[in-house]
Amino acid sequence: MEPILNLIAESGQVPPTQLEDPSESTPFFEVGPQGFLLRTPSGGRLHYAPGQGISIATPPDRPSDDLAPIVRTSGFAAAGWLDGRVPLWANAVRLDTGRLVLIASDRDDVHEAMAAALSDAFGFAVSDAPVVIDPEDPSRVCTNGQPMTIRRTTKEATEPPVREGSRRLRTDRPAIDGTVVHPCAGLVCVEEGTAAQSKLSRVGLMNGISEIKKHIFMPLAGTAIWGAETIEAAHMVLSSNLPMLRYSMPAGRKPDAELAADLLDKLKSLGKP
């Protein structure tokens with residue numbers, strides 16, 4: 001299994017304006033035998049072709065690195081899909097054991113805040129979303145090597161945006177190395193609970209399939225590349241093979257250092273990771 005970052009080196013070529021015979025075409029992206037083509041609202045283009053890497057065209061009125069964050073998100077995910085792997089919209093946290101725990105949630109601000117809290121409280125390296133996982137062997141995960149970003153929650157923020165006008169902000173937390181394949185302990189789905197106490201529970205097969213579907217990144221592109229039947233099979237395989245837990249926070253609580261410590265203690269009590 002090769003790190004996805006090795007597949008998305010910039011080729012220096014000019015990206016096409018459209019693909020020939022795309023299997024899926026929307027106003028923003030196309031997928032076909034020539035790979036994946038993304039068009040940004042600002043007029044930029046990003047093209048990934050297997051074996052050729054990434055080519056980008058940045059509009060002249062935009063910063064030279066305007067598409068860099070998109071290379072590490074959509075370009076990274078497209079390379080994963082085309083290489084037979086599944087991108088998940090989850091943050092990763094590298095624990096002292098060297099294994100990664102993937103943190104997902106129905107809300108971006110929740111899984112980002114929990115990953116940030118674990119990093120701040122214990123010094124763990126973290127990864128920005130998405131991550132890419134091998135569905136047949138989910139103990140192997142690739143990260144995008146991108147320093148973690150968080151969704152802007154206030155109009156005033158000291159952190160710089162990832163790109164001009166972006167709603168996402170860069171942070172200076174240590175990033176997980178994207179140039180190697182990492183061992184994965186499992187996926188933790190964080191939710192806002194209704195009870196006074198937190199709870200960590202195992203996610204069964206059928207609920208696991210539902211969770212995987214919720215957290216897949218660029219599912220329309222993935223379905224166009226793999227086909228609906230293969231995607232459904234991947235949901236089942238991942239749910240069967242990837243250890244999944246649900247962490248319900250106490251009612252009214254948001255991720256913080258105390259809850260990060262609580263989650264880590266509960267993981268250790270289960271022998272995970």
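Predicted model: local features only at pLDDT ≥ 70, side-chain atom pairs only at ≥ 80, totals over all residues.
The protein is divided into two parts, domain 1 (4-84) and domain 2 (88-269). A distance of 24 Å separates the C-alpha centres of domain 1 and domain 2. Contacts between the two domains involve 24 residues of domain 1 and 26 residues of domain 2.

The largest nonpolar core comprises 50 residues, and Ile 8, Phe 36 and Leu 102 are those with the most contacts inside it. Helix H1 (residues 68-82) gives the most to this core, contributing seven residues. Both domains take part in this core, with at least three residues drawn from each of domain 1 (4-84) and domain 2 (88-269). Another core, of 25 residues, lies apart from it and includes Ala 117, Met 148, Val 188 and Leu 259. In soluble globular proteins, nonpolar side chains tend to be buried together. When residues up to four places away in sequence are not counted, Leu 102 touches Leu 88, Ala 90, Asn 91, Ala 92, Val 131, Ile 133, Val 141, Cys 184, Gly 186, Leu 187 and Val 188. Val 188, one of the residues touched by Leu 102, is itself among the members of the 25-residue core.

Leu 19 is placed in the segment before E1 and counts as buried because its relative accessibility is 5%, where buried means under 20%. Residues up to four places away in sequence aside, Leu 19 touches Glu 30, Val 31, Gly 32, Gln 34, Gly 35, Phe 36, Leu 37 and His 47. Phe 36, in turn, is one of the residues with the most contacts inside the largest nonpolar core. Leu 19 and Met 206 are 187 residues apart along the chain, and their C-alpha atoms are separated by 38 Å. Glu 24 lies in strand E1 (residues 24-25) and is partly exposed, its relative accessible area being 24%. Beyond its neighbours within four places in sequence, Glu 24 is in contact with Phe 29, Glu 30, Val 31, Leu 220 and Ala 224. Glu 24 and Gly 165 are 141 residues apart in sequence, with a C-alpha to C-alpha distance of 29 Å.

The structure holds 20 salt bridges. In one of them, Arg 246 pairs with Glu 211, and the closest N and O atoms are 2.7 Å apart. This pair links distant parts of the chain, with Arg 246 in strand E16 (residues 244-249) and Glu 211 in helix H3 (residues 205-215), 35 residues apart. Arg 246 and Glu 211 are both buried. Both also belong to a network of salt bridges that links Asp 106, Glu 191, Glu 211, Lys 214 and Arg 246.

A salt bridge is also formed by Lys 213 and Glu 232, whose closest N and O atoms are 3.6 Å apart. Lys 213 lies in helix H3 and Glu 232 in helix H5, so this pair ties together parts that are 19 residues apart in sequence. Lys 213 is partly exposed, with a relative accessible area of 41%, and Glu 232 likewise counts as partly exposed at 43% relative accessibility. The side chains of Arg 253 and Glu 258 meet in a further salt bridge, with an N to O distance of 3.5 Å. In this pair, Arg 253 is partly exposed, with a relative accessible area of 25%, whereas Glu 258 counts as exposed at 55% relative accessibility.

Helix H5 (residues 228-241) also contains Met 236, which counts as partly exposed at 39% relative accessibility. Together with Leu 205 and Met 206, Met 236 makes a nonpolar surface patch of about 300 Å². Ala 233 is likewise found in helix H5 and is partly exposed, with a relative accessible area of 39%. Ala 233 and Pro 135 are 98 residues apart in sequence, and their C-alpha to C-alpha distance is 9.6 Å.

How values were computed:
Residues numbered from 1 in each chain as written. Heavy atoms only, no water. Patch = residues over 30% accessible without salt bridge, like charges linked within 9 Å, V, L, I, M, F, W, Y side chains within 5 Å. Areas by Shrake-Rupley, 256 points an atom, 1.4 Å probe, with all protein chains shown as cover. Salt bridge = Lys/Arg side-chain N within 4 Å of Asp/Glu carboxyl O. Helix = DSSP H or I, 4+ residues; strand = E, 2+ residues; numbered from the N terminus. Buried < 20%, exposed > 50% of the residue type's maximum accessible area, 1.4 Å probe, protein only. Contact = heavy atoms within 4.5 Å. Core = buried A, V, L, I, M, F, W, Y, C linked by side-chain atoms within 4.5 Å. Domains from an automatic or database assignment.
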